[in-house]
Amino acid sequence: MYDAGKIIPGLIVFVGLMLFAIYYNVGNKIEDPKPEKPVGYTSCVLPLEEIRAEHMVLLNEWRDEVIREGKREKVEAGGKMYEKSLQNGCMHCHTSQEKFCDQCHKYASVNPYCWDCHVTPEYGKALGEAN
Amino acid sequence: MRILYPFLAILAVSLIAYLGGKVTGLQYLFGVVLPYLAFAVFIVGFVNRVLYWAKSPVPFRIPTTCGQGKSLDWINQDRLDCPNNKLEVIGRMLLEVFAFRSLFRNTKAEVHDGPKLVYGSSKWLWLFAILFHYSFLIVVIRHLRLFTEPVPSFVALTEFFDGILQIGAPTMYQTDVILLAAVAFLFLRRILSRHVKYISLAADYFPLFLIFAIALSGVLMRFYFRVDVIAIKQLTVGIATLSPVLPAGIHPIFFVHVLLVCILLVYFPFSKLMHMGGVFLSPTRNMSNNSRSVRHINPWNDPSIKPHSYAAYEDEFRDVMKEAGIPVEKE
């Protein structure tokens, strides 16, 4: 073998990079996300499978309808009326961002930009009390 | 045939994975067993191939000199195109690896009326090659979010910048679009340019189709089938922590993606894709052009064989040479 002094370190670096995910996780406590279910409700605006996969699309549609088209009428699902709103609709039942939204979002490293503008009801209340 | 067979192969594999992905037993095979095997083949095959290359002696200085070599003091040396020492070689290699400098020098030959042969600059290949490679790198880094917990900040940062346009929900990644467009260009180049088409083989089309199919299945997973990311991360993190689990309810398109990636990993060490390691071992790029200032001795010369000058040779064979009528220098 020729140039072992350069090739062997190069290969070690390569294998080290490739195995990053394996040694990075060593010692990390990995827990499955546990989004907290709201008390007193058994169904959402869409069936479970659909809301899980499509909630971001639905929120985008609601945003466009409410903000751009002014269609603020409530949504009916399972005999209940829901407001077309993140803060007053979704978070009326799922009150905590930390215990509901962030559970899965953190796990999957999803950083939606909802919170660039919105505040959670909890935070809003705390803000109101502080003032 | 050179285009059709690789295309059909990818199509068949995708179909098998899609149908098999609906069966729990095969899900374990496609989602856990094959990825481990493919990854092992990739690492061992890659290292093996590089070690095999390292066994080849390169006794001569064979850098491609694309500029003025080091000469008299008052002649300017082209340091990057004709490096004379290690530092200049490192500079040349860094630009080669990170900026694809050789491709940047790509030229196009055209015959005009006259007939006149004209060489022109042709940067399209370089542009799409560099877009393709860096997009692929970013896509691979982004995928670490599925294999690590907690997700390292450099992965989150990469994702943030990749989705900074905030188009749609889930956010569109720029690299997805660029990657697909670049692969499409690299494919069209092979079929639309007559010269390139003539020299293109199945081994050139296959990786293009494979990578296109991988990217497409990934995009479909995110935007069309909307697979359950949480279940998939449980699977992938399980693989990375060497304690695999198979959650229920994963959409079969995921297994198409994974099987195609497995094929890429297995195919990699035995194909042209090894240019990933090979670029570092290119003697025409990683050697300095110093054979006029440094004496290079063939490493496998037998030390017991002493130099034999012509004068000594003639002394040894003078009589025989005279007899055969061969002229000699010393009578």
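Buried, as used here, means under 20% relative accessible area, exposed means over 50%, and partly exposed lies in between, with a 1.4 Å probe and protein chains only. By that scale B:R318, at 14% relative accessibility, is buried. The structure is a predicted model, in which local features need pLDDT of at least 70 and side-chain atom pairs count only at pLDDT 80 or more, while totals for chains, interfaces and linings use all residues. Residues are numbered from 1 along each chain as its sequence is written, chains are lettered from A and ligands numbered from 1 in the order in which they are written, and side-chain values use heavy atoms, with hydrogens and water left out.

A salt bridge is counted when a side-chain nitrogen of Lys or Arg is within 4 Å of a carboxyl oxygen of Asp or Glu. B:R318 forms one with B:E314, at 3.3 Å from N to O, and another with B:D315, where the closest N and O atoms are 2.9 Å apart. These residues belong to helix 14 (residues 310-323) of chain B; helices (H or I, at least four residues) and strands (E, at least two) are DSSP runs numbered from the N terminus. Because B:E314 and B:R318 are 4 residues apart in helix 14, about one helical turn separates them. B:R318 and B:D315 are 3 residues apart in helix 14, again a separation of about one helical turn. B:E314 is buried, with a relative accessible area of 2%, whereas B:D315 is partly exposed at 44%. Salt bridges with shared partners also join A:R63, A:D64 and A:R68 into one network.

Over all chains, the search of the whole structure finds 21 salt bridges. One of them pairs the side chains of A:K84 and A:E65, at 2.6 Å from N to O. This pair links distant parts of the chain, 19 residues apart: A:K84 is in the loop between strand 2 (80-82) and helix 4 (86-93) of chain A, and A:E65 is in helix 3 (residues 48-69) of chain A. A:K84 counts as buried because its relative accessibility is 11%, while A:E65 is partly exposed at 25%.

A:C90 is in none, and its nearest cysteine sulfur, that of A:C44, is 6.9 Å away. A:C117 is likewise in no disulfide, the nearest cysteine sulfur being that of A:C114 at 9.2 Å. A:C90 is partly exposed at 26% relative accessibility, and A:C117 is exposed at 72%.

Next comes helix 5 (residues 124-143) of chain B. This helix has 20 residues and reaches 28 Å from its first C-alpha to its last, close to the 28 Å expected at 1.5 Å a residue; the expected span is 1.5 Å times one less than the number of residues. Its buried residues include B:W126, B:F128, B:F132 and B:R142. The buried residues of helix 5 pack against helix 3 (86-99), helix 4 (101-104), helix 6 (153-162), helix 7 (174-192) and helix 9 (202-223) of chain B.

The loop between helix 5 and helix 6 of chain B holds B:P152. B:P152 counts as buried because its relative accessibility is 7%. Leaving aside neighbours within four places in sequence, B:P152 is in contact (heavy atoms within 4.5 Å) with A:F20 and A:Y24. Between B:P152 and B:A9 there are 143 residues of sequence separation and 37 Å in space, C-alpha to C-alpha.

Some backbone angles deserve a check. A cis peptide bond joins B:G114 and B:P115, with omega about -10°, and B:P115 is in the loop between strand 1 (107-112) and strand 2 (116-121) of chain B. The peptide bond from B:A169 to B:P170 is also cis, with omega near -5°; B:P170 lies in the loop between helix 6 and helix 7 of chain B. In chain A, A:S109 is not a glycine but has a positive phi of about 55°. A:S109 is in the loop between helix 5 (97-107) and helix 6 (121-130) of chain A, and is buried at 6% relative accessibility.

Methods:
A disulfide is a pair of cysteine sulfur atoms within 2.5 Å.
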